[in-house]
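Me: I have a structure open and would like to go through it piece by piece. Can you help me read it?

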Amino acid sequence: MQHDKQSLIELVTRAQDGDQTAFDELYEQLYQPLFRYIAAKVRTTEDAEDLTQQSFLKFYKNLSRWQDRGYSPTAYLYKIASSVVIDYYRATRNRPIGDSEDVLLAIADTSQDQHQDVLIHEQKQHLLNQLHKLSELDQEVLRLRIFVGL
């Protein structure tokens, strides 16, 4: 879901002026897309929830530093989230989700047909293999497009 850039800028400006309701609205609008973005990068839902919270906390603490330079405030938030995920991997030394079958679970189908499930699993595995051939930057672009809708 894309959000109107101008309304987000207005919410950030109000939040910078101390309007807690404005920040609450930002949180409400941006939580799910940011969570999906982070969940595509980490192993567990719990980690994604924690990292999403950390990202919003850093966003809140650094809100005064954001300035309207023609970019949506979401770009600033996603840059923070990206740094939070990098710090997470540095601290835990875990593999990124892209190297795991956990990503398949995140996009799993709940079909009852075993034959179809096997075919879908093979297709998803092939897709993952192809994704690994892309540069890290291209993978990031796809994550933003698929999981966030940017």
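Reply: Start with the terms: helices are DSSP runs of H or I with at least four residues, strands are runs of E with at least two, and both are numbered from the N terminus. Keep in mind that this is a predicted model.

Me: OK, how many helices and strands does the protein have?
Reply: The protein has seven helices and zero strands. Along the sequence the pattern reads α-α-α-α-α-α-α.

Me: And what percentage of the residues count as buried?
Reply: Of the 150 residues, 36% count as buried.

Me: Let's look at H1 and H2. At what angle do their axes cross?
Reply: Helix H1 covers residues 5-16 and helix H2 covers residues 20-39; their axes come within 8 Å and cross at roughly 140°. That makes H1 oblique to H2, because only angles over 145 degrees count as roughly antiparallel.

Me: Left-handed or right-handed?
Reply: The crossing of H1 and H2 is left-handed.

Me: Which residues meet there?
Reply: From H1 there are Leu8, Leu11, Val12, Arg14 and Ala15, and they meet Ala22, Phe23, Glu25, Leu26, Gln29 and Leu30 of H2. Eight residues of this contact are nonpolar, one is polar and two are charged.

Me: New topic, H2 and H4. What angle do they pack at?
Reply: H2 and H4 pack at about 35°, and their axes are 11 Å apart. H2 passes H4 in a right-handed crossing.

Me: Which residues are involved?
Reply: Leu30, Pro33, Leu34, Tyr37 and Ile38 of H2 meet Thr74, Leu77, Tyr78, Ala81, Ser82 and Val85 of H4. The contact of H2 with H4 has nine nonpolar residues, two polar and no charged.

Me: How far apart are the end C-alpha atoms of H4?
Reply: They are 29 Å apart. H4 runs over residues 73-92, so its 20 residues at 1.5 Å each should span 28 Å, and the two values agree.

Me: Which residues of H4 are buried?
Reply: Among them are Pro73, Thr74, Leu77, Tyr78, Ile80 and Ala81. Further along H4, Ser82, Val84, Val85, Tyr88 and Tyr89 are buried too.

Me: Why does threonine 74 count as buried?
Reply: Its relative accessible area is 11%, and buried means under 20%.

Me: What does threonine 74 touch, apart from its neighbours in sequence?
Reply: Leaving aside neighbours within four places in sequence, threonine 74 is in contact with Leu8 and Leu30.

Me: And how far is threonine 74 from leucine 26?
Reply: Threonine 74 and leucine 26 are 48 residues apart in sequence, and 9.6 Å apart in space from C-alpha to C-alpha.

Definitions and conventions
Residues numbered from 1 in each chain as written. Predicted model: local features only at pLDDT ≥ 70, side-chain atom pairs only at ≥ 80, totals over all residues. Heavy atoms only, no water. Axes fitted to C-alpha atoms, helices over the stretch in contact; angles between N-to-C directions. Parallel < 35°, antiparallel > 145°, perpendicular 65-115°, else oblique. Left-handed = near helix turned anticlockwise from the far one by under 90°. Contact = heavy atoms within 4.5 Å. Nonpolar A, V, L, I, M, F, W, Y, C, P; charged D, E, K, R; others polar. Expected span 1.5 Å × (residues − 1). Buried < 20%, exposed > 50% of the residue type's maximum accessible area, 1.4 Å probe, protein only.
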